[in-house]
Amino acid sequence: MTDSTQENQEPEVKSKYDELPDAPPKKKIKLSWVGKTGVTIVVFWLVMCLIGPTIAPFHEADIIAYDSFMPIFTETEGEGMHWLGTDYLERDIMSRIIWGARTTIGIAVVATLLAYLFGVTLGIAAAVAGGWTDMALSRVNDAILSLPTIMLGLLIVVALGASIPVLIGTATVIYASSVFRIARALGQDIMVMDFVEAARARGEGLWWVITREVLPNAAMPLATDFGLRLVFVVLFIASMSFLGLGIQPPAADWGSMVRQNLEGLGYGSYAAVWPALAIATFTISINLIVDDISAKEGGSLAKKMI
Amino acid sequence: MQRMVINRILIGIATLWVVSVLVFVGTAVLPGDVAEIVLGQAATPESLAAYRAERGLDQPLAFQYMDWLGGMMTGDLGTSKAGGASIASLISGRLGNTMFLAAVVAIIAVPLSVALGLLAAMHPGTWIDRVLTFGTLSLISVPEFFIATFMVLILAVQLHWLPAIAHVSPEDDWLKQLRGLAMPMIVLIIVVAAQMIRMTRAGILNVMNSPYIEMAILKGVPRTRIILRHAFYNAIGPIVNVIALNLAYLVSGVVIVETIFAYPGLAKLMIDGVQTRDLPLVQACGMIFCGTYVVLIILADVAAILSNPRLRNPK
């Protein structure tokens with residue numbers, strides 16, 4: 001993926017250079033309506049993360065209703081409207097979904113950022129240092145990458161027990177390894193470029209080269225990848241919670257909400273569907289945005305002629 | 001070429017070894033002593049020492065590891081913490097169920113997704129392609145349990161076509177067994193096929209960018225013929241790679257699906273083991289799953305080497 005984005009940028013760079021020899025090519029990202037819808041939904045959930053608990057009608061752990069698995073739009077006396085009904089423990093589902101946004105997305109964002117911090121640092125370090133450092137880091141990384149993520153998660157949780165720090169740590173280790181791979185490949189590509197050689201010849205230090213040349217040039221591909229990685233982390237955390245090995249009750253999180261309310265499906269309750277839809281809207285939206293951005297960078301003969 | 005293949009297999013074996021160390025050490029650093037957990041309130045210093053001596057827990061960690069690894073290789077997987085049943089007997093019944101499920105899913109999903117991927121690649125930009133790309137993108141963006149929940153909602157709750165729980169017992173006739181299996185099968189097929197369709201399409205379209213295809217287009221060769229005669233053969237390598245990768249992906253899919261439908265497979269056994277913190281059981285199941293995964297990844301790599309003439313005949 002990274003290779004193709006780099007190749008595709010070249011013609012654009014050339015055409016802009018024809019007009020303005022000195023100006024660096026500016027990339028404007030224009031999204032189609034699909035991408036804009038995606039951005040709207042993602043922003044909506046991010047806002048929910050920030051202000052959710054203050055606008056939610058009920059607390060996530062409040063057992064408020066008179067009955068479990070009440071249908072949508074049920075109004076109870078003295079409590080108000082339950083827009084999405086109640087769950088198996090007689091809690092308001094809409095409030096729990098709003099609270100859960102902070103837990104699910106918050107943990108996923110923290111884990112992804114940590115994965116990027118470690119992955120990029122070690123990946124660039126491996127690319128710049130080369131030799132034994134590169135060898136050792138890459139081998140360990142390959143071993144982690146060669147395991148199914150959910151298995152790795154299960155093994156770590158059985159050893160350390162299920163808690164939020166363990167969950168974040170597990171997701172960080174697993175996804176830092178794929179970030180490492182990308183960052184190392186990008187770093188290696190950039191380190192052999194002429195402008196890096198020029199900078200080294202000028203006498204710039206290694207640190208200067210890394211911060212001024214390597215990182216800015218690796219930023220765009222890494223940023224596109226961040227979206228995809230965030231989706232994987234959300235799915236991983238939701239799956240672990242779904243298995244009962246992630247976020248522990250009474251904290252609301254979308255994955256465990258689906259599992260807890262699964263039995264309600266048998267009584268005709270849709271309680272399990274809403275949190276599942278919440279995950280789906282968030283992850284699909286991110287993927288639509290990423291897809292939209294990478295589609296703009298393409299444009300091949302096969303697509304035009306066939 | 002042989003050297004590359006052998007190299008890849010050796011790396012695979014090394015990976016498996018690292019995995020075994022990770023699995024063993026990872027589960028051995030568990031806070032608390034196994035003997036204390038098992039004996040619980042009844043623990044006296046003498047009974048603890050006796051238990052440790054019996055299980056070899058008083059030996060250094062390296063010896064315990066060698067002992068465990070030797071047991072794994074000879075099929076002696078130890079005894080489960082819960083109930084003390086032999087793990088080999090617990091696993092043998094479940095392993096068959098999981099393999100059967102995975103095999104049926106693979107047999108249906110692979111031809112289906114290669115065909116649909118080809119269809120999408122043959123008509124890029126048309127409504128067929130748009131429906132397939134949007135549909136598969138949505139499906140790979142949602143967790144497996146989302147698809148499973150909706151399938152239960154539609155097929156079991158609304159339409160009453162299939163049971164919501166995959167309850168299979170050997171006494172049932174095959175029709176009943178098939179009905180019981182249908183739900184996990186459908187969900188897994190959807191999950192795996194979505195990935196494979198996308199990657200098949202991308203593989204073909206990637207080949208479509210090569211100069212010889214451009215040549216064929218300029219010569220006026222019909223589009224279907226270009227895809228089936230020129231592009232497909234060159235995309236076989238990547239596609240075989242995709243198939244092996246996705247069969248490996250089944251390993252994770254199976255964990256969720258077996259849990260949702262209470263299918264008596266190996267993954268369900270493992271999850272139950274995780275919840276009761278039954279270490280030996282989780283170690284054994286983890287090794288089987290990770291081993292299968294590593295073997296499939298090696299197969300994918302070898303297939304990629306064998307199908308690429310440039311890798312097959314290195315300069």
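Chain B is built from 13 helices and has zero strands; here helices (H or I, at least four residues) and strands (E, at least two) are DSSP runs, numbered from the N terminus. The model is predicted, and local features need pLDDT of at least 70, side-chain atom pairs count only at pLDDT 80 or more, while totals for chains, interfaces and linings use all residues. Residues are numbered from 1 along each chain as its sequence is written, and chains are lettered from A and ligands numbered from 1 in the order in which they are written.

Let us look at the chain as a whole. Of its 315 residues, 39% count as buried in chain B, a label that needs 20 or more other C-beta atoms within 10 Å of a residue's own, against 12 or fewer for exposed and partly exposed in between, with C-beta atoms placed from the backbone. Two residues are in contact if their C-beta atoms, placed from the backbone, lie within 7 Å. Among contacts in chain B between residues at least 6 apart in sequence, 69% link residues at least 24 apart.

Now for one helix pair. The axes of α5 (residues 87–122) of chain B and α10(B) come within 9 Å and cross at roughly 150°; axes are lines fitted to C-alpha atoms, for helices over the stretch in contact, and angles run from 0 to 180 degrees between N-to-C directions. α5(B) and α10(B) are therefore roughly antiparallel to each other, the word for angles over 145 degrees. Residues of α5(B) that meet α10(B) include B:Leu101, B:Val105 and B:Leu118, and the α10(B) side includes B:Ile227, B:Ile243 and B:Leu250.

Next comes the partner chain. The contact takes 46 residues from chain B and 42 residues from chain A. On the side of chain B that touches chain A, α12(B) gives the most, with eight residues.

The table sets out residue classes, where Ala, Val, Leu, Ile, Met, Phe, Trp, Tyr, Cys and Pro count as nonpolar, Asp, Glu, Lys and Arg as charged, and the others, Gly among them, as polar.

| Contact | Nonpolar | Polar | Charged |
|---|---|---|---|
| α5(B) with α10(B) | 15 residues | two residues | one residue |

In α6(B), the buried residues are B:Leu132, B:Thr136, B:Leu139 and B:Ser141. B:Thr44 sits in the loop between α2 (34–39) and α3 (45–55) of chain B, and counts as exposed because it has 9 C-beta neighbours inside 10 Å.

Conventions. Parallel < 35°, antiparallel > 145°, perpendicular 65-115°, else oblique.
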